[in-house]
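Here is a short briefing on one chain.

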Amino acid sequence: MSVRRVGQRVFDWAQLASKVPEEAKAEFGAFRARHEACRTSLAAYSEKPETIDWNFYKRNISLPGFVDSFQKQFEALKIPLPKDTASAAIEEQKKKNEADALKVIEETKASVIVLEKELAAIKSQKPFEEMTIDEYLADKPDLRRQIDTDTRNQNWYLGKD
């Protein structure tokens, strides 16, 4: 029974809680409480339903053949499990999400490499306090052109008053 499989799963709540952001701790606590309540209610049910004591009913119901008829109908009753229509879509979405996650990881790794190079370049520069304007603009030709153009055109930006 799938109910039993759900009830047997054990989660490491401490590890899960360590991965939850602070702003979501309350929701996580509520989720854990709901999970525990469901698990407790599932534990109250046995794996198989209790068997019906047909002899007890035959002794206590005086209508002849009623219990036998009911027993035949009950034993003939077969309740089919619902067809699983969602698992294939869920697996497909899971594979897509895993592929997307791997793509994001690779992009992030590439971004980290670029950012580390930029950080190394910034750290290798002279401190701004010791740098001249010409030294600062040496590796920024676009900024130098813009400043030269603004100076030639006497375009002085002083900000808003």
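pLDDT is the predictor's confidence in each residue, on a scale from 0 to 100. The model is predicted. Its chain has a mean pLDDT of 86, and 91% of the residues reach 70 or more.

**Confidence by element**
- Helix α6, residues 87-124, has the highest mean pLDDT among the elements of the chain, at 95.
- Helix α1, residues 2-8, has the lowest, at 53.

**Nonpolar surface patch**
- Eight names make up a nonpolar patch on the surface: I52, F56, Y57, I61, L63, F66, F70 and F74.
- Together they expose about 750 Å² of accessible area.
- Two elements give two or more residues each: α4 (54-60) and α5 (66-76).
- The top contributor is α5, with three residues.
- F56 sits in helix α4.
- F56 counts as partly exposed because its relative accessibility is 39%, between the 20% and 50% cut-offs.

**Salt bridges**
- The chain has seven salt bridges by the distance rule used here.
- K58 pairs with D68, and their closest N and O atoms are 3.2 Å apart.
- This pair links distant parts of the chain, with K58 in helix α4 and D68 in helix α5, ten residues apart.
- K58 has 38% relative accessibility, so it counts as partly exposed.
- D68 is also partly exposed, at 36%.
- R144 pairs with D134, with 3.6 Å between the closest N and O atoms.
- Here too the pair links distant parts of the chain: R144 lies in helix α8 (residues 141-152) and D134 in helix α7 (residues 133-137), ten residues apart.
- R144 is partly exposed at 28% relative accessibility.
- D134 reaches 52%, so it counts as exposed; the cut-off for that class is over 50%.
- K126 forms a salt bridge with E135, the closest N and O atoms being 3.1 Å apart.
- K126 has a relative accessible area of 40% and is therefore partly exposed.
- E135 is partly exposed as well, at 37% relative accessibility.

**A buried histidine**
- H35 belongs to helix α3, residues 25-43.
- Why does H35 count as buried? Its relative accessibility is 17%, and buried means under 20%.
- Leaving aside residues up to four places away in sequence, H35 touches F11 and W13.

Key: Residues are numbered from 1 along each chain as its sequence is written. This is a predicted model: local features need pLDDT of at least 70, side-chain atom pairs count only at pLDDT 80 or more; totals for chains, interfaces and linings use all residues. Side-chain values use heavy atoms; hydrogens and water are left out. Patches are made of residues with over 30% relative accessible area and no salt bridge: like charges are joined within 9 Å, nonpolar side chains (Val, Leu, Ile, Met, Phe, Trp, Tyr) within 5 Å. Accessible areas come from the Shrake-Rupley method with a 1.4 Å probe; for residues, only the protein chains shown count as cover. A salt bridge is a side-chain nitrogen of Lys or Arg within 4 Å of a carboxyl oxygen of Asp or Glu. Helices (H or I, at least four residues) and strands (E, at least two) are DSSP runs, numbered from the N terminus. Buried means under 20% relative accessible area, exposed over 50%, partly exposed in between (1.4 Å probe, protein chains only). Contact means heavy atoms within 4.5 Å.
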